[in-house]
Amino acid sequence: MNAPIIDPLQGDFPEVIEEYLEHGVMKCIAFNRRGTLLAAGCADGSCIIWDFETRGIAKELQDKDCVAAITSVCWSKDGHCILVSAADKSLTLWDVVNGEKITRTTLQQTPLQARLHPGSSKSLCLACPLSSAPMIVDLNTGSTTVLPVSVSDTAAGLLPPSRNKFSDGSPPFTPTAACFNKYGDLVYVGNSKGEILIVDHKNKQVRAVVSISGGSVIKNIIFSRNGQYLLTNSNDRTIRIYENLLPLKDGLKVLDELTTSCDEVDEAEKLKAIGSKCLALFRDFQDSITKVHWKVPCFSGDGEWVVGGSASKGEHKIYIWDRAGHLVKILEGPKEALIDLAWHPVHPIVVSVSLTGLVYIWAKDYTENWSAFAPDFKELEENEEYVEREDEFDLMPETEKVKDTDVNEDDEVDIMTVENESDFSDSNMSHEELCFLPAVPCPDVAEQQDKCVGSTSKLADSNHSGSPLSEEAGQNGGQAMNHTSSPVEEDTGGTRLKRKRKPSEKGMELQAEKVRKPLKNMKSSGKLSKMKNKPVVVEEQDTDSYVFADDNTDEYH
């Protein structure tokens, strides 16, 4: 599946709300690696998996032991597992295909975010609790490894105190952001002092430090999909992009070489010197006019765009910049606060979650461009006379039509081998990756059924009570129609409603005009038999001298 071939006309960024998803009160979202499935954590503790192609529910994961709100969801690299963190301090790993719970671990603090190791291991995850340092959690054994959040913790050889205070007596922890790098050998931690710590999580050692100007609290930290750029969101209302100078693989070896070659004596200065060779500030983004706080910023699938949601209450605004720092679009949604955001891994689609629990899908607003289908196609504003060329429709000899090709038609075509795609070329498990799930058919809505039943009963009542034609005929002629005398109605019995059809307005007017005219000439009984169900209106003075079709219906059977 090659995205440029699938949709060559697609734009680069979304523009309008295409659709919204509704199921309970959704709190957080995450795409699988291919963007074919969307997982949403709900306020009742359930996790809904949407088939993003059909927009139908493919699976619902519900843990009987968990009724608290979901705080984050994360897919494994192969898409077979989902890690769910909840407000009841639990971490649950699910088997997506079978819908079964693999393991469940309870922490001492509520995890605001949990991310599985990006490698093939599904037993390790990185959790960021509400009021303690980030930790590596072994989901199989339940053991935790608390990561250092400042240089002083590593220098003193101490772990963060259990009472959530730094060793220097500073205030309690604020929520600390952390993420794995592309291959999971390093963890990048953003602390409340405005520092980015590059941590070797296996040895619990800080290998480098990068200071952010202003020293503001880092609220979010995330890598781009290709691992070449790092995004941070700070309390100073600025989103910063750093270029990753370390190689994507074997970053620890390069850090060892930098540590050996560094001549700094002071440990803190040495870590900062190493950090300057690991990350370089590339760009920063902010709204210089409104100075708005940002929520859940992220990269686009190809890393060319940066998106951030406004943290202001009562507005659903999404800002989109290019990587050069230019603001290219502001998406304005309903008057609902934004709580989560995700960019589709392949297509220019943004999915946002509102405070009310609805998921909005933002997509490109396509316009018809017929000239894109053929290079020589020309759009005309008005009709033009076409003058054909002299040789335009001449018959060409077969020898001139056939062109020599280098393709050997006898060679067998390989339709079984799956080629690696450019967007997912680093994956060695493309054949085992879970991309789709069968969607669960949605039952009919009860309200619609009730409306249908009600309309059917009204139709039955109107048919049994007499049609408007019969009532009008009764008023004009002073006589009522006898419906029970019709042989068609006697034979059909219960199928009477199926035979009845509502006449059009024009038909009703024509029938009414015919009914108002008196029957003056009745020369044969054959005519009366054809008109046996139509009442005839006559003048009062000649009533006794005329025969009514309804009164003598039985005589002409």
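Hi everyone, let's begin with helix 4, residues 267-276, where the buried residues are Lys270, Leu271, Ile274 and Gly275. These residues cover an arc of only 140° around the axis, so they sit on the same side of helix 4. If you are new to helices, here is some background: an α-helix has 3.6 residues a turn, so residues three or four places apart point the same way. Please keep in mind that we are looking at a predicted model.

Now, what caps the N-terminal end of helix 4? That is aspartate 266, which has a side-chain oxygen 3.3 Å from the backbone nitrogen of alanine 268.

Next, the cysteines. How many disulfides does the structure hold? The count is zero. Take cysteine 74, which is in no disulfide: the nearest cysteine sulfur belongs to cysteine 125 and is 8.7 Å away. Is cysteine 74 buried or exposed? Its relative accessible area is 9%, so cysteine 74 is buried. Cysteine 262 has a relative accessible area of 17%, and because buried means under 20%, cysteine 262 is buried too.

Let's finish on the surface. Val413, Ile415 and Met416 form a nonpolar patch there, and together they have about 410 Å² of accessible area. Where does methionine 416 lie? Look in the loop between helix 5 (398-401) and helix 6 (446-464). Methionine 416 has a relative accessible area of 67%, and the cut-off for exposed is over 50%, so this residue counts as exposed.

How values were computed. Residues are numbered from 1 along each chain as its sequence is written. This is a predicted model: local features need pLDDT of at least 70, side-chain atom pairs count only at pLDDT 80 or more; totals for chains, interfaces and linings use all residues. Side-chain values use heavy atoms; hydrogens and water are left out. Patches are made of residues with over 30% relative accessible area and no salt bridge: like charges are joined within 9 Å, nonpolar side chains (Val, Leu, Ile, Met, Phe, Trp, Tyr) within 5 Å. Accessible areas come from the Shrake-Rupley method with a 1.4 Å probe; for residues, only the protein chains shown count as cover. A salt bridge is a side-chain nitrogen of Lys or Arg within 4 Å of a carboxyl oxygen of Asp or Glu. Helices (H or I, at least four residues) and strands (E, at least two) are DSSP runs, numbered from the N terminus. Buried means under 20% relative accessible area, exposed over 50%, partly exposed in between (1.4 Å probe, protein chains only). A disulfide is a pair of cysteine sulfur atoms within 2.5 Å. The arc is that of the directions from the helix axis to the C-beta atoms. A polar contact is a pair of N or O atoms within 3.5 Å; within protein, one must be able to donate a hydrogen and the other to accept it, and residues adjacent in sequence count only if both atoms are side-chain atoms.
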